[in-house]
Structure formats: C-alpha cells, structure tokens
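User: I would like to go through this model with you and ask, for each label, what it rests on.
Analyst: Gladly; here is the structure.

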Amino acid sequence: MIKVAIMGYGTIGSGVCEVLEENQKQIADYVGQEIQVKYILDLRDFPGTAIENKVIHDFSVIAEDQEIQIVVETMGGLNPAYPFVKSCLEAGKHVVTSNKALVAAHGTELLEIARQRQVNFQFEASVGGGIPIIRPLYRCLMGERILEITGILNGTTNYILTKMDKEGASFNGALKEAQDLGYAERNPEADVEGHDTCRKIAILTAMATKKEVNYQDIYTEGITKITDIDFKYAAKMGTSIKLFGSSRMEADQVFAWVAPVMIGREHPLYSVSDVYNGILVRGNMLGTTMYYGSGAGKLPTASAVVADIIEEAGHLDNHVSLGWSSEKLDIAPMEISYHKYFVRVSGPYEPKKQLIEQCFGSCQIMTLEGLNECALLTEKMSEKQFKEALFELEEKLGGMYQEVLQTIRAQL
C-alpha cells in the first residue's frame, strides 16, 4: 500500500480524494497496489465527515512520517506551498502539484532538488487543468523540435470573451456573470489581466525549450480594454477575439507573449468557447496537434493530479526525467515580433484616408453604421514599426493617442 498526504482540502484537494475513492479499483490495477490517503493538511477541521480522522494542522507530521511516499500540494499560492514542497522533496518524498504559481516561480529549483534526491516532482494539472499537455510534451512529443505553443489557457477570460462575442455583453456584465457562476474570483485581476495565462505559457515554453523561463520577461496584456464594439467589428470581419498565450521558436530566437488576438474561423482555436481551454502545439515533424478540454474545475483538475500520483507510484524507486535545466532562456523583445493589427480610430474615415495610408500603407478599412469612427486592419509588421506608425498617425491627427480608440493584434 502506498500512503499519500494531501496539503490543502479546497476544491482541488477534495476532488483528488473523490477521484481516488471513486476510481480506487482501477487505480490499484494500474499501480499494482492500493493508494491510501493518510493525512490531509488544512487549517480547518471537518467534523462529521469521512476525512475527519485524517485531518492534521502540523506540516511537520507529513515531513517526518517515513510512511508518506507521495505528497500532493493543492493549496495554491507560494506561501506556505513553496517551503512545504521544498521540504518534502528534500526529505525524499515525491511531490505532485496543481500550483502554476509555484511551478512558474520556483520550478527550476524544485526540479533540481528532485533530481538530486532521485524523487519526482510532477505538475500536469498546473497548465490546462484536466487537459493532458505536460506529459505529451515530455513523452509523446519527445522526438519533436517544438516550433510553437499557442493556447487559450484561462477559462475565466474565455468565458467572458465568449459572452461578449455571442451575446453582445459588455466586459463588466460578462465579468459579473462569471463571478456569479463561480468562474471568476471576487478579485479577478490574475485572470483578466493575463497573469494566470502568463505563468502557464512560461511553464509550457520551459518544457518545450528545456530552459528556465522567467514569466516576468513575458509581455502580458489582459482583456480589460476589449469592448462590445470590438466584437461588432469582429463579427463583420468573420473573426473573433481570444486571449492567447503564445511562444514561438524561430531560428535562434524565442518569442513569448500574452495578449488578446483577433482570429478567423479557419484558426484551430476559433471554436474553443466558454470555460474550455485549447492548446495548439506545432512540431517540426508532426506538424500541428490540438489539446482541448476543461481547463479548470474540481474533478477535471483532480483527474490530472491523480494521473501524476499514478505516474509517481510507478516510479517510487527512480527519477523520471522531466522539466528543464537552470540555463536561462532569453525571450526576444516584443518590439521585433510580427503581427497584423486591428485599429479603431475616432471620426469619419474619408478625411483620414490619406493620413492612414501614409502611416500604415496598404490596409483594409471598415466602418460600422451609426458610429463616428472607422477601423483598419494592417498588413503584417513588427511591433516597433506598428508603434512608430501609430505615433505618426496620432501626430498627424494632432490627438496624441486620443484619436485611437483600440488596438488588437490579429492572426488573419
């Protein structure tokens, strides 16, 4: 019998217990022996419940109990998750986590400790919830040179953008509905400002390049400036707007960024809607593959955690090579990345036509009935070129960015 401790009995931790209980026989058949939860570390007591006698409040009980071979961290955040996980690895225990903040901030160090102690540190559920993506990268695609990873990696923002797209909702209205349904936190900043997606694409980029990625080096832009008017233009163009986390490996440069992107119906991620996630991976031999499913939620995420528990249960006496080295990856400046750009400009188009063409060259122009503005879609250009053209247009219009209402990158 393999004995496990779970740190944090919130949504995910309780889900892990549920999956282990519900699929007990199937899991035992895979592993060759039963997996039993011995301890549940939490600040709360759960009197009258099935776990009442397993609840503890002192972490040292887990760290010092030699019977505990696998520790599951589902507390979230960095404190006390980081020192607790580090102590468990140093004590020779295998660790599973669903904590993207922990992996993005301290993954390099924790992976190195795991290598030194010949134990395993696994984190499938830290990206994409229940969608298998970490394991495919280090097993199924191990013969590939990864050229691109692009994903809709946050269910909250995807739900908000879907409501704006399909129902014409405002950002604030869609956010409130997401909060009422429990999809968004009362403080939604990590989601809507793109920070959650940033940490996830940092982890995936590190997996693809085998180098340490500092998530703070990744250009990050959220969805708070997206409006219902943007979606009206998108509908006219046959497009939609999604929040992408993307990394591209081009020659000797790696580009990584998070931003809203306008995409057409032919894009593989166009139909990923509501709280679902979708991840596109392009390899140099296989081409493009897609991973789609529930990117969050109690049981989908718990399912991924349990898969890691089973993996570690099969390698109790050996280390599984996973992750990246301590060599730091240099992220290319956003200014030299290339995109098309959707731009909304106040006022009628005709008086501005010549100025727009002088600044941006050939571009597609469109208007919406009843609005005193126009929009343009540029040809592909570098971020630096775009900013210079935008500044030039503002100077010619005399508005110092007051004339420009919106800019969104486009993959069309």
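Analyst: A definition comes first: a pocket is an open set of grid points with protein on both sides within 12 Å along at least five of seven lines, and its volume is the space filled by probe spheres set on those points. Please keep in mind that the model is predicted.

User: Which residues line the second largest pocket nearest its centre, and how many line it in total?
Analyst: A lining residue has an atom within 4 Å of a point, and 21 residues line the second largest pocket, with Y219, E221, K225, Q406 and T407 lying nearest its centre. Two or more lining residues come from each of α14 (383–397) and β17 (404–411), and β17 gives the most, namely six.

User: What makes up the lining of the second largest pocket by class?
Analyst: With Tyr counted as nonpolar and Gly as polar, the lining divides into eleven nonpolar, four polar and six charged residues.

User: What is the volume of the largest pocket, and which residues are closest to its centre?
Analyst: The volume of the largest pocket is about 1100 Å³, and of the 42 residues that line this pocket, K100, E185, D191, D196 and A296 are the closest to its centre. The lining has 13 nonpolar, 20 polar and nine charged residues, and the helices that each supply at least two of the lining residues include α1 (11–22), α5 (100–117) and α10.

User: How do you know what span to expect of α10, and what follows the helix?
Analyst: The expected span is 1.5 Å times one less than the number of residues; for the 15 residues of α10 (195–209) this gives 21 Å, and the helix reaches 21 Å from its first C-alpha to its last, close to expectation. Just after α10, K210 takes a positive phi of about 65°.

User: What makes β4 and β5 a pair?
Analyst: Two strands pair if at least two bridges are found between them; β4 (residues 68–73) and β5 (residues 94–97) have four, in the parallel sense, and therefore count as paired. Within this pair, V72 stands opposite V96 in β5.

User: Why are β3 and β6 said to stand at the edges?
Analyst: The open sheet of six strands has the order β3-β2-β1-β4-β5-β6, with parallel pairing. β3 (55–56) and β6 (121–122) each have a single partner strand, so one side of each is left without a neighbour in the sheet.

Conventions
Residues numbered from 1 in each chain as written. Predicted model: local features only at pLDDT ≥ 70, side-chain atom pairs only at ≥ 80, totals over all residues. Heavy atoms only, no water. 1 Å grid on protein atoms, 1.4 Å probe; cavity = no way out; pocket = protein on both sides within 12 Å on 5 of 7 lines; lining within 4 Å.
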